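Hi,

Here is the structure I promised to pass on. Have a look at it first, and then read my notes below.

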Amino acid sequence: MGDIIDDLVERYPALGGQLLEDGELASYVNVYVSGEDIRTRDGLDTPVRGGDHLILLPAMAGGV
Amino acid sequence: MATYRELLARMKEEIDEISTIEAHERLESLDRPLFVDVREPDEWEEGHVPGAVHITRGRLESSIEGLVPDKVRPLILYCAVGSRSAFAAKVLGEMGYTDVVNMAGGFVDWKRNGFDVTIPRVLSSEQRSRYSRHLLIPEVGEEGQQRLLDARVLLIGAGGLGSPASLYLAAAGVGTLGIVDADVVDESNLQRQIVHSTDRLGEPKVLSAKRTLEGLNPDVKVVPIQERLTSENVERILADRWDVIVDGSDNFPTRYLVNDASVWHGIPVVHGSIFRFEGQVTVFAPGAGPCYRCLFPQPPPAELAPSCAEGGVLGVLPGIIGSIQASEALKLILDRGDSLAGRLLLFDALSTTLDEVTVRKNPDCPVCGENPTITDYVDYVEFCSTPLELN
């Protein structure tokens with residue numbers, strides 16, 4: 001998963017500031033590999049296989 | 001040919017009878033029998049033996065096996081004076097029920113002895129008509145509708161999410177809706193906040209919502225709380241015994257405050273949030289599932305988290321997410337189905353896709369974890385604006 005995020009940030013540098021803090025995944029962003037939060041697995045070392053569905057999820061507070 | 005009197009006398013010889021005093025003693029006994037009331041609905045509605053079940057004489061044969069499958073279960077049958085139930089007792093004996101007695105003197109004698117009586121709560125004919133589509137659903141029915149009428153739901157925000165959520169909860173007959181919102185109706189709200197209207201511009205949102213919701217359903221009492229939820233007033237507002245909280249607030253400090261308060265009070269929260277074309281919805285059930293801090297331990301820095309006021313929102317989006325919130329709140333009240341606890345639904349209106357991710361309880365959660373480090377309200381504005389400390 002870490003490699004995928006590095007690749008994304010290389011291609012879209014502005015994403016870096018939104019996803020990462022000191023090279024680590026920011027604590028206010030959740031990343032899911034096929035529905036499971038990578039923090040409950042191996043973090044950025046979580047393996048990703050072909051066909052896996054990835055979600056980068058920022059917290060949102062809007063309601064009105 | 002036999003007359004009614006002859007028939008009744010013969011019937012009474014063939015069944016066992018006990019007095020109301022004996023029946024009352026058995027109500028308190030360990031092998032408490034089931035009381036079966038065979039009177040007409042209008043008689044039942046005026047009062048019955050506590051714990052009794054009601055099957056009218058006309059439906060006895062067709063309904064009793066569904067209600068009492070165990071044919072050795074002790075049954076005490078009664079009607080008004082003990083005649084209709086004598087015939088009923090005879091029939092149950094013929095159907096294979098082995099421990100059936102008739103209560104001689106019936107409910108009239110029961111009342112004359114001053115024994116306890118339960119007056120059933122029944123829906124009025126207007127309510128039967130209004131909620132007829134609920135009454136037809138086995139998972140709701142009359143009992144479920146009574147639960148809804150007794151229920152108390154607190155809505156945080158009478159805006160985009162609070163509008164559809166409160167409209168559907170009111171229409172469903174949720175008896176008490178508390179609404180917390182300090183704002184007044186603004187022209188820019190009306191693109192999505194459908195509980196308000198153009199003639200309410202400048203009116204406090206809680207009063208505008210109260211008018212709409214009580215106009216929609218006179219069974220509903222709206223408690224307007226024209227305040228912004230804060231650490232100072234949250235205990236007072238939550239002291240009112242709410243069954244469910246529907247969180248449709250618009251900022252992170254309120255989200256974390258609602259979370260901490262709900263965990264400490266043990267009140268489930270139906271959480272929804274929206275931005276542009278995207279919505280998130282889930283249920284936080286204290287004790288049974290994760291909380292908001294398990295999902296998002298920290299809020300993002302303000303510059304990365306634009307509000308709808310800054311970033312915009314498709315007007316219909318809160319209609320979809322707020323309606324799912326209403327549906328989850330009704331299920332929690334009815335205790336039916338599988339709630340969204342432990343699951344976060346992600347809706348994208350642009351692609352019209354619905355994703356689901358798993359939310360797990362974090363054992364290290366500072367509020368609901370095994371060793372909580374936050375046990376009282378903090379300064380939520382400061383908590384949401386301070387740079388993160390990584391540990």
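Before the sheets, one term: two strands count as paired here if DSSP finds at least two bridges between them. Also keep in mind that this is a predicted model.

With that in hand, chain B has an open sheet of five strands, in the order β1-β5-β4-β2-β3, with parallel pairing. The edges are taken by β1 (16-18) and β3 (53-54) of chain B; each has a single partner strand, so one side of each has no neighbour in the sheet. Strand β2 (residues 34-37) of chain B is joined to β3(B) by two bridges, and the two run parallel.

Which residues of α5(B) are buried? They are Arg84(B), Ser85(B), Ala86(B), Ala88(B), Ala89(B) and Leu92(B). What they pack against is α1 (4-14), α4 (60-67), β4, β5 and α6 (106-112) of chain B. Just after the helix, Gly96(B) has a positive phi of about 105°.

Now the other sheet. Chain B also has an open sheet of eight strands, ordered β8-β7-β6-β9-β10-β11-β12-β13, and here the pairing is mixed. At its edges stand β8 (221-225) and β13 (353-358) of chain B, each with a single partner strand, so one side of each is left without a neighbour in the sheet. On average, neighbouring strands of this sheet are turned by 15° against each other, direction ignored.

Some details from inside that sheet:

- β6(B) and β7(B) run parallel and are joined by five bridges; Arg152(B) stands opposite Thr176(B) in β7(B).
- Four of the five residues of β7(B) are buried, so this strand is largely enclosed by the rest of the structure.
- Strand β9 (residues 244-247) of chain B runs parallel to strand β10 (residues 269-275) of chain B, with three bridges joining them; Asp247(B) is opposite His271(B) in β10(B).

Two helices to look at here are α11(B) and α16(B). α16(B) packs on the sheet, where it touches β6 (152-156), β9, β10, β11 (278-284) and β12 of chain B, and its direction makes about 175° with that of β10(B). Helix α11 (residues 205-216) of chain B lies across β7 (176-180) and β8 of chain B, running at about 175° to β8(B).

On to the cores. The largest nonpolar core has 82 residues, and Val153(B), Leu177(B) and Ala329(B) have the most contacts inside it. α16(B) gives the largest share of this core, nine residues. Leaving out neighbours within four places in sequence, Ala329(B) is in contact with Val153(B), Leu169(B), Val244(B), Val246(B) and Val270(B). Apart from that core lies another, of 23 residues, including Val49(B), Ile76(B), Ala89(B) and Val101(B).

One loop residue I looked at is Ala341(B), between α16 (317-334) and β12 (343-348) of chain B. Not counting residues up to four places away in sequence, Ala341(B) touches Val283(B), Ala285(B), Ala288(B) and Gly289(B). Gly106(B) is 235 residues from Ala341(B) in sequence and 49 Å from it in space, C-alpha to C-alpha.

For chain B as a whole, there are 17 helices and 13 strands. The C-alpha trace spans about 90 × 50 × 40 Å along its principal axes. Of the 391 residues, 41% count as buried. Among the contacts in chain B with a separation of 6 or more, 68% are between residues 24 or more positions apart.

Last, the interface. The contact takes 17 residues from chain A and 33 residues from chain B. On the chain A side, β4 (36-37) and β5 (54-58) of chain A are the elements that give two or more residues. By class, that side of chain A has eight nonpolar, six polar and three charged residues.

Cheers

Technical notes: Residues numbered from 1 in each chain as written. Chains lettered and ligands numbered in written order. Predicted model: local features only at pLDDT ≥ 70, side-chain atom pairs only at ≥ 80, totals over all residues. Contact = placed C-beta atoms within 7 Å. Nonpolar A, V, L, I, M, F, W, Y, C, P; charged D, E, K, R; others polar. Buried ≥ 20, exposed ≤ 12 C-beta atoms within 10 Å, placed from the backbone. Core = buried A, V, L, I, M, F, W, Y, C linked by C-beta atoms within 7 Å. Axes fitted to C-alpha atoms, helices over the stretch in contact; angles between N-to-C directions.
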